[in-house]
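Here are some exercises to work through with the model open beside you. Try each task before reading its solution.

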Amino acid sequence: MRSERDGEAEPRERPAPKRITADYLRRAALYYLERYSVPAAQLQRVLLRKVERSCRHHGQDSQPFRATVDEVVASCVASGLVDDRRFAEARSQSLRRKGRSARAVAAGLATKGVERGLVAEVVVADEDVELEAARIAAKRKRLGPWSRGDRAAQRQKDIAALARAGFSLAIARAVIDDAGEGG
């Protein structure tokens, strides 16, 4: 809402959180899963944040609701709405298409709460896939063959940028020294 005099937006207050019930948590989980594909650990974090915020506002203890959150998450996993493997595979493929290294993909999945064993299964460091991802990253960041400036002067910085992105030194050198035929 804007004030007509000064044209500045008036800050809106957040509505008070609803009281937590098992039914409310189920509906909140389903609504969240309609919009996002997440692993079980991420869904649990989201629901626990809702519980904490509501309990803080209403002066309740959040401990009794933790078991309810666990039940809701377990029912979502049992019904197939939440599948960590499916999430990890889709997210891994998506990040690789964006030019992320195997290390960056593994770190991103671990941050979302995917178990280490599953991350190791899903993220396989294939040299051809890694090279293609490095080319995509270099192209997006305008490094090496895709740079606009003096390539020789920027070579070390470009290699360092790819190394910081999680690519091996050999792959970074191969992409930066490439003449640009790969992409």
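Predicted model: local features only at pLDDT ≥ 70, side-chain atom pairs only at ≥ 80, totals over all residues.

Residues are numbered from 1 along each chain as its sequence is written, and side-chain values use heavy atoms, without hydrogens and water.

**Exercise 1.** Find which residues are buried or exposed, taking Arg-96 as your case.

Solution. Start with its place: Arg-96 lies in helix H4 (residues 84–97), helices being DSSP runs of H or I with at least four residues, numbered from the N terminus. Next, Arg-96 counts as buried because its relative accessibility is 12% (buried means under 20% relative accessible area, with a 1.4 Å probe and protein chains only). Finally, look at its contacts (heavy atoms within 4.5 Å): leaving out residues up to four places away in sequence, Arg-96 touches Ser-101, Ala-102, Val-105, Val-124, Asp-126, Val-129, Glu-130, Ala-133 and Ile-136.

**Exercise 2.** Describe how H8 and H9 cross.

Solution. First, the axes of helix H8 (residues 151–164) and helix H9 (residues 169–177) come within 9 Å and cross at roughly 145° (lines fitted to C-alpha atoms over the stretch in contact, with angles from 0 to 180 degrees between N-to-C directions).

**Exercise 3.** List the residues that meet between H8 and H9.

Solution. From H8 come Arg-151, Arg-155, Asp-158, Ile-159 and Leu-162, and from H9 come Leu-169, Ala-172, Arg-173, Val-175, Ile-176 and Asp-177.

Technical notes: Helix = DSSP H or I, 4+ residues; strand = E, 2+ residues; numbered from the N terminus. Buried < 20%, exposed > 50% of the residue type's maximum accessible area, 1.4 Å probe, protein only. Left-handed = near helix turned anticlockwise from the far one by under 90°.
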